[in-house]
Every structure is written in C-alpha cells, then in structure tokens.
Amino acid sequence: MMQRLHLVFGGELVDPTKTQFKNVDDIHIVGIYPNYQTAYDAWRAEAQRTVDNAHMRYFIAHLHRLRDEESPAAPTEELG
C-alpha cells in the first residue's frame with residue numbers, strides 16, 4: 001500500500017487574492033502527515049490560529065501525487 005503523505009505549510013501572502021508568498025524564507029512548515037485527515041486537522045488549527053491576519057494562508061500539498069511509483073525515475077533521481 002502506498003503512503004499518502006501530505007505537507008502542511010503556509011505564510012504571509014503579498015495579496016490575499018493570490019498565492020504568492022511575501023517572503024519565502026518565512027514560510028512556516030507545519031509538518032508532514034501520513035493521511036489527509038491528520039493534515040487537514042493541522043491545516044485547520046493553523047488557519048484558525050491566524051484567522052485575524054487576512055494575508056496569512058495555509059495549504060495542504062499532496063506529496064504522494066508528486067511521485068508515481070509506476071512511472072520511470074525522473075532524471076533528478078538518477079543524480080543521487
């Protein structure tokens with residue numbers, strides 16, 4: 001069974017209607033989670049904690065979608 005890892009991260013945006021971060025160095029990495037539900041719970045906690053700042057946004061990235069075990073290795077994997 002494939003692990004379905006999820007990354008929760010966020011930070012302050014330049015414009016609340018877009019997804020460009022104001023300062024990439026200040027991106028808050030909340031964590032990597034083994035399933036969507038725990039990632040969602042972490043995302044929700046951070047979103048609620050920063051609700052008073054309209055420029056703060058948190059996201060869930062589906063890490064398991066970045067790597068398809070059935071596909072041939074990407075050229076960068078051959079470097080390691």
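Predicted model: local features only at pLDDT ≥ 70, side-chain atom pairs only at ≥ 80, totals over all residues.

Visitor: Fine. In what order do the elements run from the N terminus on?
Guide: The order is β-β-α-β.

Visitor: How do S1 and S2 pair?
Guide: Antiparallel, over five bridges. S2 covers residues 28–33. Histidine 6 stands opposite tyrosine 33 of S2.

Visitor: And S1 with S3?
Guide: Also in the antiparallel sense, over seven bridges. S3 spans residues 56–62. Glycine 10 has tyrosine 58 in S3 as its bridge partner.

Visitor: Is S1 enclosed or open, and why?
Guide: S1, residues 6–12, is largely enclosed by the rest of the structure, because six of its seven residues are buried. Across the protein, buried residues make up 21% of the 80 residues.

Visitor: Switching to surface. What's the accessible area?
Guide: About 6,200 Å². Carbon and sulfur atoms hold 54% of that.

Visitor: Now the rings. How many aromatic pairs are there?
Guide: The count comes to five. One of them joins phenylalanine 9 and phenylalanine 21, with 6.2 Å centre to centre and 50 degrees between the planes, a tilted pair. Phenylalanine 9 sits in strand S1 and phenylalanine 21 in the loop between S1 and S2, twelve residues apart.

Visitor: Which residues make up the ring cluster?
Guide: Phe9, Phe21 and Phe59, linked by ring pairs.

Visitor: Back to phenylalanine 21. Buried or exposed?
Guide: Buried. Its relative accessibility is 15%, and the cut-off for buried is under 20%. Phenylalanine 9 is buried as well.

Visitor: What does phenylalanine 21 touch, sequence neighbours within four places aside?
Guide: Phe9, Gly10, Gly11, Glu12, Leu13, Val14, Ile27 and Phe59.

Visitor: And how far is histidine 55 from phenylalanine 21?
Guide: In space, 9.2 Å, C-alpha to C-alpha. In sequence, 34 residues.

Visitor: Last one. What share of the contacts with a separation of 6 or more comes from residues 24 or more positions apart?
Guide: They account for 59% of those contacts in the protein.

Notes. Residues numbered from 1 in each chain as written. Heavy atoms only, no water. Helix = DSSP H or I, 4+ residues; strand = E, 2+ residues; numbered from the N terminus. Buried < 20%, exposed > 50% of the residue type's maximum accessible area, 1.4 Å probe, protein only. Contact = heavy atoms within 4.5 Å. Areas by Shrake-Rupley, 256 points an atom, 1.4 Å probe, with all protein chains shown as cover. Pairing = 2+ DSSP bridges. Phe/Tyr/Trp six-rings, centres within 6.5 Å; stacked < 30°, edge-to-face > 60°.
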